[in-house]
Amino acid sequence: MTALPVAWFLALSGALLAVGIFGLLTRRNFILILIAVEIAMNATILNFVYFAAFATSGTGLSGQAIAVVLIGFAATEVAVGLAIVLGLNRLKGSINVAQANELKE
Amino acid sequence: MNLEELAFLALAAVAVGTSVAALLVRELVHTILWVAVFFVDLSAIYFLLNAPFLGVLQLGVYAGAVTVLLLFGIMVTRKRIFSRDAATGIGPVPLALAAVTFIFLVASLGEFPQGTLTVQSYDPTALSGALFGNYGPWLLLLGLIMMSGVAGAIYLVREGRE
């Protein structure tokens, strides 16, 4: 039976969330921003799976079920994000978000 | 230190390293490769946590679909696929904010129960029972959101918009 310290998992999640926030704030390329959001989102999903794995009785299944739903949400988010990337590329000829500064088409 | 702890430490180091590398390398295609390694690594952590269904889902959805979608996005937005990104410096403010976030999160660990907890193992069949039982409405909501996401994506990229 696997036994692992809880704090390690939380530290890993925190580190991944910090990396995601860092990428979100520093990158200008839309695709890199999407990837940073994905990294932060994966940190969250990882948390659900940890606590699901450590929960006794049937409550752990709830955590895993929520993780399944979250993975689906994240995939949808990437699809819509890439559609925005394509639209931005068509409008501006570049996917640098610094150029998307007009609140109109 | 037992084998599971060593495996977890190795996987965690790879996860943090690949995620940082993905955001810092200059070539976008290399970013996608690093992020693919990151997703595979996370699925290995799910297997370590006795969640095989989530591990397989992570491999299929993230390492498979999302990676290909991102590559496709690069392919259609660049004239040359292997072209370097414009230099974006690492400002002190984002770095400090990320560090503060991490320190705050780690400092809050003192309030969590310390020590080791045993990883429970669940039958994937029981997970499907939970998904289609108690979490049926959630699954339905996921389907609806995915459908509206597809509709929104098609609206955003359709030709001949004014």
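Of the 105 residues of chain A, 52% count as buried, where a residue is buried if 20 or more other C-beta atoms lie within 10 Å of its own, exposed if 12 or fewer, and partly exposed in between, with the C-beta atoms placed from the backbone. The model is predicted, and local features therefore need pLDDT of at least 70, side-chain atom pairs count only at pLDDT 80 or more, and totals for chains, interfaces and linings use all residues. Residues are numbered from 1 along each chain as its sequence is written, while chains are lettered from A and ligands numbered from 1 in the order in which they are written.

## Chain A

Chain A holds 3 helices and 1 strand, and from the N terminus on these elements run β-α-α-α; helices (H or I, at least four residues) and strands (E, at least two) are DSSP runs, numbered from the N terminus. The radius of gyration of chain A is 18 Å, well over the 13 Å that the globule rule gives for 105 residues, so the chain is more spread out than a compact globule. In that comparison the radius is taken over C-alpha atoms, and the globule rule is 2.2 Å times the number of residues to the power 0.38. Along the principal axes, the C-alpha atoms of chain A fill a box of roughly 55 × 25 × 20 Å.

Leu91(A), which lies in helix α3 of chain A, is exposed, because it has 12 other C-beta atoms within 10 Å. Between Leu91(A) and Leu4(A) there are 87 residues of separation in sequence and 50 Å in space, C-alpha to C-alpha.

## Chain B

Chain B has 6 helices and 1 strand, which follow the pattern α-α-α-α-β-α-α along the sequence. Buried residues make up 23% of its 162 residues. The domain assignment, which is automatic or comes from a database, gives domain 1 (1-85) and domain 2 (123-162) in chain B, and the centres of these two domains, taken over C-alpha atoms, are separated by 23 Å.

In the loop between α2 (28-48) and α3 (52-77) of chain B sits Asn50(B), a residue other than glycine whose phi is positive, near 60 degrees. Asn50(B) is partly exposed, because 19 other C-beta atoms lie within 10 Å.

Ala15(B), in helix α1 of chain B, counts as buried because it has 26 C-beta neighbours inside 10 Å. The C-alpha atoms of Ala15(B) and Ala99(B) are 17 Å apart, although the two residues are 84 residues apart along the chain.

| Residue | Other C-beta atoms within 10 Å | Class |
|---|---|---|
| Leu91(A) | 12 atoms | exposed |
| Asn50(B) | 19 atoms | partly exposed |

## Where the chains meet

Two residues are in contact if their C-beta atoms, placed from the backbone, lie within 7 Å, and the contact between the chains takes 65 residues from chain A and 71 residues from chain B. On the side of chain A that touches chain B, at least two residues each come from β1 (3-5), α1 (6-26), α2 (30-54) and α3 (59-92), and α3(A) gives the most, with 23 residues. The residues of this side divide into 47 nonpolar, 15 polar and 3 charged; here Ala, Val, Leu, Ile, Met, Phe, Trp, Tyr, Cys and Pro count as nonpolar, Asp, Glu, Lys and Arg as charged, and the others, Gly among them, as polar.

The strands also meet across the chains, since two strands pair if DSSP finds at least two bridges between them. Strand β1(A) is joined by 3 bridges to strand β1 (residues 116-118) of chain B, and the two run antiparallel. Within this pairing, Leu4(A) has Leu117(B) as its bridge partner.

Leaving out residues up to four places away in sequence, Ala15(B) touches Leu12(A) and Leu16(A), as well as Phe38(B), Asp41(B) and Leu42(B).

## The nonpolar core

A nonpolar core is a set of buried Ala, Val, Leu, Ile, Met, Phe, Trp, Tyr and Cys residues joined through C-beta atoms within 7 Å. Of the 68 residues in the largest such core, Ile31(A), Ile35(A) and Val49(A) touch the most other members. At least two residues of this core come from each of α1, α2 and α3 of chain A and α1 (3-24), α2, α3 and α5 (124-132) of chain B, and the largest share, 19 residues, comes from α2(A). Domain 1 (1-85) and domain 2 (123-162) of chain B each give the core at least three residues. Ile31(A) itself touches Val85(A), Ile95(A), Leu28(B), Leu70(B), Gly73(B) and Ile74(B), when residues up to four places away in sequence are not counted.
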